Amino acid sequence: MPFSSLGLSKELLSRLLDKKYEKPYPIQQQAIPAILKGKDLLGIAQTGSGKTDSFVLPILNNLKVQEEKTRSVDCLVLVPTRELAVQVEEVFKFYNYSLPTPFKISSVFGGVSINPQMKGLFGVNILIATPGRLLELIRAKALQLSKVNTLVIDEADKMLNLGFKEEMDELIKLLPKKRQNLLFSATLNDDVKSINQLVLSKPIIINIKAKHQNLDLINQTAYFIQNENKGPFLRQIIEDKGINQVLIFTSSTFKADNVAKKLVKHGIKATAIHSKKSQGSRTDSLVKFKNGTITALVATDLLARGIDIEFLPFVINYELPRSPKDFIHRIGRTGRAENPGEAITFVSQAEEHHFKVIQKKMGKLVETLDGDKLMF
Ligand code: AMP
């Protein structure tokens, strides 16, 4: 089924050509026509499924906006993290430029100064927001939700995991009764179900199979390597394989800084991204990593959850994560968008047992070589 059969406008279809997508992903095939018809939707889908395009395109296609410029937004997209806010905004803006009358699109999130956000809200049609900052702005009378006709809650499960339940309840009360609601969640636990009941009315339900069924797409190799050799071995791998884009995972912010610093010392363009970095620095690092100015981005699990990068060729696990789920999440980034990638894992002696547990949970045995012996 081609994109052209989904009911999207010719402007959006023409902009889609620039994305060079071959065909719609399953979630897009199902969600786009349903959203265009004005239905509520519950999408059970993970990052990587193509869910962002699946709501952005039909919203841009159909959004009704108020004639007058006000401080009332027409479409509200709630997201759990700043990183996701920025990514969703990018996707909206990518397609928006193709429209004869483009919408005004903005994002707001905590961790940065509130004043510029307040000033920029006038006349905004589509707002992407994290719940805490959005409430602050509403309390400061910088915007209103009474005219919202389309609500998206993205990554609802993560929103609840991060403790945003009360904020969400409060925000939902501020919305008008009549509106279209789109809710996306990777999992469907009882908490998410209660939000569904609160928000959705007779939704179309789309359930996309979990991402880790795509693990076959990823070439995995592991190396037994002593802790003190990990640094030099990392550089050796980057050089040997001619790697020019790699996401490296460590288990602490301290280690992430340390690994990045050592890479830089040896002439490899690297930076660390984690919760102790300022929002400005995180955004800057992501942009530089995406545009190729930086070769290696060294991240912790929490921060990396929100990062979406197309065609990431390499992931290196410098240290193992505690949870096997995080391991799958980390390496899942290389097999995205139906592109094969390579995931490399360093295993110190102390991590050997834990790596066995991870492989068992993942249902895959990873070829493991002796890294210490492979060092120059
Ligand atoms: P997400 O919206 O987080 O699930 O992102 C999925 C990734 O897949 C993004 O990098 C998109 O650019 C990419 N993507 C989305 N739809 C398609 C498609 N139909 N074909 C190929 N790649 C896609």
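# Ligand shell, strands and loops

Mentor: In this predicted model, 16 residues surround the ligand, and the closest are Y21, Q28, G48, G50 and T52.

Trainee: What kinds of residues does the shell around the ligand divide into?

Mentor: Four are nonpolar, seven are polar and five are charged.

Trainee: Which helix gives the largest share of the shell?

Mentor: Helix 3, residues 51-62, with three residues.

Trainee: How far is a polar side-chain atom of Y21 from an oxygen atom of the ligand?

Mentor: The distance there is 2.7 Å. G50 also has a polar atom 2.7 Å from an oxygen atom of the ligand, but in G50 the atom belongs to the backbone. K23 uses its backbone too: an N or O atom there lies 2.8 Å from a nitrogen atom of the ligand.

Trainee: And how much of the ligand does the protein bury?

Mentor: The protein buries 93% of the 500 Å² that the ligand exposes when taken alone.

Trainee: Switching to the strands. Which strands does strand 11 pair with?

Mentor: Strand 11, residues 296-299, pairs with strand 9, residues 246-249, in the parallel sense over four bridges. Strand 10, residues 270-273, also pairs with strand 11 in the parallel sense, again over four bridges.

Trainee: Which residue of strand 11 is the bridge partner of F249?

Mentor: A299 is the partner of F249. A299 is also the bridge partner of I273. Elsewhere in strand 11, L297 stands opposite L247.

Trainee: Are the faces of strand 11 covered or open?

Mentor: Both faces are covered. A296 and V298 are buried on one side, and L297 and A299 are buried on the other.

Trainee: What about strand 9, are its residues buried or exposed?

Mentor: V246 and I248 point one way from strand 9, L247 and F249 point the other way, and all are buried.

Trainee: Which other strand is joined to strand 9 by four bridges?

Mentor: Strand 12, residues 314-317, which runs parallel to strand 9. Across that pairing, I248 stands opposite I316.

Trainee: Where does K141 lie, and is it buried or exposed?

Mentor: K141 lies in the loop between helix 6 (131-139) and strand 5 (150-153). K141 counts as exposed because its relative accessible area is 70%, and the cut-off for exposed is over 50%.

Trainee: And K202, what is its phi?

Mentor: Positive, at about 40 degrees, although K202 is not a glycine. K202 sits in the loop between helix 9 (190-199) and strand 7 (204-207). With a relative accessible area of 79%, K202 is exposed.

Trainee: Where is V112 found?

Mentor: In the loop between strand 3 (105-108) and helix 5 (115-119). V112 has 27% relative accessibility, so it counts as partly exposed.

Trainee: How far apart are the C-alpha atoms of V112 and S278?

Mentor: They are separated by 8.3 Å, while the two residues are 166 residues apart along the chain.

Trainee: How about N115 and Y95, what separates their C-alpha atoms?

Mentor: A distance of 28 Å, with the residues 20 apart along the chain. N115 is in helix 5, and at 45% relative accessibility N115 counts as partly exposed.

Trainee: Last one. Why does T253 count as buried?

Mentor: Because its relative accessibility is 16%, and buried means under 20%. T253 belongs to helix 11, residues 253-265.

Trainee: Which side chain does the side chain of T253 join in a polar contact?

Mentor: That of K276, through a polar contact of 3.3 Å.

Key. Residues are numbered from 1 along each chain as its sequence is written. This is a predicted model: local features need pLDDT of at least 70, side-chain atom pairs count only at pLDDT 80 or more; totals for chains, interfaces and linings use all residues. Side-chain values use heavy atoms; hydrogens and water are left out. A residue is near a molecule or strand if one of its heavy atoms lies within 4 Å of it. A polar contact is a pair of N or O atoms within 3.5 Å; within protein, one must be able to donate a hydrogen and the other to accept it, and residues adjacent in sequence count only if both atoms are side-chain atoms. Accessible areas come from the Shrake-Rupley method with a 1.4 Å probe; for residues, only the protein chains shown count as cover. Helices (H or I, at least four residues) and strands (E, at least two) are DSSP runs, numbered from the N terminus. Ala, Val, Leu, Ile, Met, Phe, Trp, Tyr, Cys and Pro count as nonpolar, Asp, Glu, Lys and Arg as charged, and the others, Gly among them, as polar. Buried means under 20% relative accessible area, exposed over 50%, partly exposed in between (1.4 Å probe, protein chains only). Two strands pair if DSSP finds at least two bridges between them.
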